[in-house]
Amino acid sequence: MTKLSVNINKIATLRNSRGGNNPDLVKVALDCERFGAQGITVHPRPDERHIRYQDVYDLKAVIATEFNIEGNCREDKFVDLVLANKPAQVTLVPDAEGQITSNHGWDTLKHKDYLKEMVAVFQKEGIRVSIFVDPVVNMVEGAVETGTDRIELYTEAYAHNYFSDREKAVVSYIAAAHHANKLGLGINAGHDLDLHNLHYFAQSIPGLLEVSIGHALISDALYLGLETTIQKYLQQLA
């Protein structure tokens, strides 16, 4: 079964909007685990507009499932944060400074040497590495040459086109996944996956190990409650 990692950035955004500690980010993370999530994901950014760097230390101290930290490894502060906390997984995302949300994967051919260097930095400390990539076979080939353990397929295009033609929307992801499997890369996925499109994606992608879902899941929880929402997402992956 594909694992569900809950991205709790939006909980931090809500907390930060009023100051204080309501909602309590650590409690929400622990509740997500208690309700069945198999991982917790955070994506700290330099301006700390949602996840604060201290949050990572606080979460690392209590998380019992897999802890996944996403971010741009070109930021020295991010690299230091990951190395200090040693999560189960680090996901390398090529965000620009001030970017609202991730909107593209790495060019693993152009940046192969740099990524190879950074992958080795994290793996030396026992941290599994995943590289955020678009569903392009050449990008998968470039990724394997970096020595990364996994790739994370950027799924916005799939989600955007799902309702118009879901078979067409998923075809490039299937091709990328087959190639990753052939090359021995683990496969994660994330971005705009939700209760409408998740099941079809998970059933279509061979070897899908993990999905990271935040915005849609937290939005659904406003109506359904967090426990019910997590159970519904797990059902889509079953």
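Two strands count as paired if DSSP finds at least two bridges between them. Helices (H or I, at least four residues) and strands (E, at least two) are DSSP runs, numbered from the N terminus. Everything below comes from a predicted model, where local features need pLDDT of at least 70, side-chain atom pairs count only at pLDDT 80 or more, and totals for chains, interfaces and linings use all residues. Residues are numbered from 1 along each chain as its sequence is written, and side-chain values use heavy atoms, with hydrogens and water left out.

**View 1. The barrel, with β5 and its partners.** Eight strands close up into a barrel, in the order β1-β2-β3-β4-β5-β6-β7-β8, with parallel pairing. Direction ignored, neighbouring strands of this sheet are turned by 25 degrees against each other on average. β4 and β5 run parallel and are joined by four bridges; here Gln89 stands opposite Arg128 in β5. Four bridges also join β5 (residues 128-133) to β6 (residues 150-154), again in parallel. Over in β6, Ile151 is the bridge partner of Ile131, and Glu152 is that of Phe132.

**View 2. Both faces of β5.** In a regular strand the side chains alternate between the two faces of the sheet. On β5, Arg128, Ser130 and Phe132 point one way, while Val129, Ile131 and Val133 point the other. Six of the six residues in β5 are buried (under 20% relative accessible area, 1.4 Å probe, protein chains only).

**View 3. α6 alongside α8.** Helices α6 (residues 137-144) and α8 (residues 166-183) pack at about 25 degrees, axes 9 Å apart. That makes α6 and α8 roughly parallel (angles under 35 degrees). Val137, Val140, Glu141 and Val144 of α6 meet Ala175, Ala176, His179, Ala180 and Leu183 of α8. Sort these contact residues and you get seven nonpolar, one polar and one charged (Ala, Val, Leu, Ile, Met, Phe, Trp, Tyr, Cys and Pro count as nonpolar, Asp, Glu, Lys and Arg as charged, the others, Gly among them, as polar).

**View 4. Thr229 tucked into α11.** Thr229 sits in helix α11 (residues 226-237) and is buried, with a relative accessible area of 0%. Leaving aside residues up to four places away in sequence, Thr229 touches Leu217, Asp220, Ala221 and Leu224.

Notes. Axes fitted to C-alpha atoms, helices over the stretch in contact; angles between N-to-C directions. Parallel < 35°, antiparallel > 145°, perpendicular 65-115°, else oblique. Contact = heavy atoms within 4.5 Å. Buried < 20%, exposed > 50% of the residue type's maximum accessible area, 1.4 Å probe, protein only.
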